[in-house]
Amino acid sequence: MYNTNEGDNVLIEQVKNGNTEAFCPLVERYKMALYKIIYRMVGNRDNTEDLVQEVFIKAFNEIKKFKSGMPFYPWISKVAVNHTINYLKRERQDRFMPIDDLKEVLPSHKDDPVKMTREKMLKEKIAMAMAKLPHDYRVIMVLRVEEDLPYDEISRILKIPRGTVMSRLARARQKLKEIFREIKVNDYAL
Amino acid sequence: MRCDLSIELLNAYLDNELDEKQKLFVENHLRECPSCRAELEELKSCDHILKQREIEEPTNKFHLGFENRVLDKVREKTRPAWVWRLSPILVPIASAALVIFVVLTNREKTQPMVGVDELIPYTPTKTARPADDLSAAAIPKPDREKIEQSGRIAEAGELKELPAKKAEVANEEKAPVALSKSLPPSLPAAGLTTTTAPVATPMPVVRKDRDEELLTGDGMARTQAIMTELNIPKNKVVRAIVDSTGRVVKVATGNTIQPEEDKQLEEQLEGQQLAPRSAAGRKQNLMYLDLTQQADIDSSLPDTLNTEK
C-alpha cells in the first residue's frame, strides 16, 4: 500500500540535520493527500487548509521521532488523523446537528433546480450524512472506506485494539446506514 | 430479522479482514441466510455511496506559496518552548539587570575612585619656575626635547644627571617668598619655611601651553604648607578630588584602590581651588589631584632651597 520513497528519507535526514529548507519538497509532495484525508473528517475547506498547515508544523517539530527507512506517508497521515481528532473533540464537531440545520449550513441548489443534477444532490446528501455522524464513527469510516486502510493500520493510528476497530466500524456502518435511510440518500444513489 | 451471525464478522468479511477459516464459515452462512445476504448488500451499498463523496477543491492560497508559509511558521517556532514559558520571569529579570547596569555605569562616572585617567597633572608653582628655566634654557636641547615629549614627572630622575641645571635652580630664591605671600594668614610663620620643600614637587617640567592653563603655585603651596603642618610624611600618597571648578571636595590618603579618607587634611583643603577650571579641557565633574610629595625628587633639588627651612 505504501511505498518507501528513497527521496523522502534523504530529505528527512537533511531536515533532522538542521536543513529546514529540505522540508519544503515533503510539504509539496504530501499536502494534497493530507488535505483529502483531513477534509473527509472535517468537511470544511478553510478549516482543512489550516489543519494541514498545523500538521506539517507538528510533523516538523517531531521529525526526530520518525524512524529512518520507513515510509513517510503513513507516519504523517497518523499525525494528521490524530491532530484532526483532537480538533474535532475541541471544536465539538461531533455534536448532534439536526438535518434541517445541516441544510442551512451546506450549499443548497434549491433555488436553481434546473442545474441541480442528481449527482450533485447525492454528494450533498452524503456530506450531510457524514456531518451528522459522530466524529469517532466518521474517522473510522474515512480510514477504512475512503482511505482503504487495513484494520491493523487503523488500530495503530487510533491506538485501539483490532477488536475495537471491528466493533466500532460495524457500529459506524450501521449508524451511517440509518442516516442514509433517514435523509433518503438511496433515492439519489447512482 | 437477522440471524445470530456477528455483525462485526459480517463487516470484517466485507472488508476482507478474515482468515480463511472464518471466511469459509461466513460464506457458508450467507448461502443459507437471505437476511445476512441483504444486510451485506446494504453495507456494500453504504460504502459505495460514501466513496462518491465529493471533496471541495482547496483554495488557490493552498496551491501557491503554501510550502513557504509552512516554513515561515516552522522557523518562528524553532525558538525553544522554555523561552516562551520563562518569558514572564526572564523579561523582568532582564529589565532589572538593565537598570542596574545603567545605574552602575553612571555611578562609575561620578564615584570618587582613584584612576589614572582622571589624574590631573600637578599644577606648577611659582616656586617651580626654576623648572621652567630648566626646560627652557638650562637643559641642553636634546634632553629638553626628550623631557618635553614625555611631559611627565617620571622623567624627573633625569634631572639628577644634569648638574648644570641644579646650579641654575639653586640661584632661584624667590620661591619661598612667593609661597609666604600665598599662604593663608592662619598658618604660622614656621609653616612658611617648611613649604619650601614642595618647591621641588614633581612637576618641574610642564609644557608651556599647558602651563598657562594650570593654576599658579598658590594652591599647591597652601597644600604643601598644610601637609607639612600636619606632619604628613613626604612619601605618603595624598590625593584630592576636585570638582569642575578645581576646588577640593574630598581628600584621601593611601595608594590602594580605595584610599582612606583623611578628615583632618580634608577640613584644611576643602573648598580650595587647587586645579584650574575644567582642567586640561576635560569635561568630567570630578577629577583627581595627586598631592604626593616625592622625597627623592626633593633631594635632587638645590640645597639652597632646602636650606630655607
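Predicted model: local features only at pLDDT ≥ 70, side-chain atom pairs only at ≥ 80, totals over all residues.
Helix axes here are lines fitted to C-alpha atoms over the stretch in contact, and angles run from 0 to 180 degrees between N-to-C directions. With that in hand, α9(A) and α1(B) pack at an angle of about 90°, with their axes 9 Å apart.

Residues are numbered from 1 along each chain as its sequence is written, and chains are lettered from A and ligands numbered from 1 in the order in which they are written.

**The two chains**

- Chain A has nine helices and zero strands; helices (H or I, at least four residues) and strands (E, at least two) are DSSP runs, numbered from the N terminus.
- Chain B has 16 helices and five strands.
- Of the 190 residues in chain A, 35% are buried, and for the 309 residues in chain B the share is 29%.
- Buried here stands for 20 or more other C-beta atoms within 10 Å of a residue's own, exposed for 12 or fewer, and partly exposed for anything in between, with C-beta atoms placed from the backbone.
- Two residues are in contact if their C-beta atoms, placed from the backbone, lie within 7 Å.
- Among chain A contacts with a separation of 6 or more, 69% involve residues 24 or more positions apart.
- In chain B, 76% of the contacts between residues at least 6 apart in sequence join residues at least 24 apart.

**Where A meets B**

- Chain B puts 30 residues into the contact and chain A puts in 37.
- On the chain B side, the elements giving two or more residues are α1 (7-14), α3 (34-50) and α5 (66-76).
- The top contributor on that side is α5(B), with eight residues.
- By class, the side of chain B that touches chain A has 13 nonpolar, three polar and 14 charged residues.
- For those classes, Ala, Val, Leu, Ile, Met, Phe, Trp, Tyr, Cys and Pro count as nonpolar, Asp, Glu, Lys and Arg as charged, and the others, Gly among them, as polar.
- Back at the α9(A) and α1(B) crossing, A:Met166, A:Ser167, A:Leu169, A:Ala170 and A:Arg173 meet B:Ile7, B:Glu8, B:Asn11 and B:Ala12.
- That contact of α9(A) with α1(B) has five nonpolar, two polar and two charged residues.
- A:Lys123 sits in helix α6 of chain A and is partly exposed, with 17 other C-beta atoms within 10 Å.
- Leaving aside neighbours within four places in sequence, A:Lys123 is in contact with B:Gln52, B:Arg53 and B:Glu54.
- A:Lys123 and A:Val185 are 62 residues apart in sequence, yet 9.1 Å apart in space, C-alpha to C-alpha.

**Inside chain A**

- Nine of the twelve residues of α7(A) (residues 135-146) are buried, so this helix is largely enclosed by the rest of the structure.
- Just after α7(A), A:Asp148 takes a positive phi of about 60°.
- Helices α2(A) (residues 23-42) and α4(A) (residues 72-91) pack at an angle of about 40°, with their axes 10 Å apart, which makes α2(A) oblique to α4(A).
- Residues meeting there include A:Leu26, A:Tyr30 and A:Ile37 from α2(A), and A:Phe72, A:Ile76 and A:Leu88 from α4(A).
- The contact of α2(A) with α4(A) divides into 14 nonpolar, two polar and no charged residues.

**Strands in chain B**

- Five bridges join β2(B) (residues 238-243) to β3(B) (residues 248-253), and the two run antiparallel; strands pair if DSSP finds at least two bridges between them.
- B:Arg239 has B:Ala252 in β3(B) as its bridge partner.
- β2(B) and β3(B) form a hairpin with four residues between them, and B:Gly246 in the turn has a positive phi of about 90°.
- β3(B) also pairs with β4(B) (residues 260-261) in the antiparallel sense, over two bridges.
- In that pairing, B:Thr253 stands opposite B:Glu260 in β4(B).

Definitions and conventions. Parallel < 35°, antiparallel > 145°, perpendicular 65-115°, else oblique.
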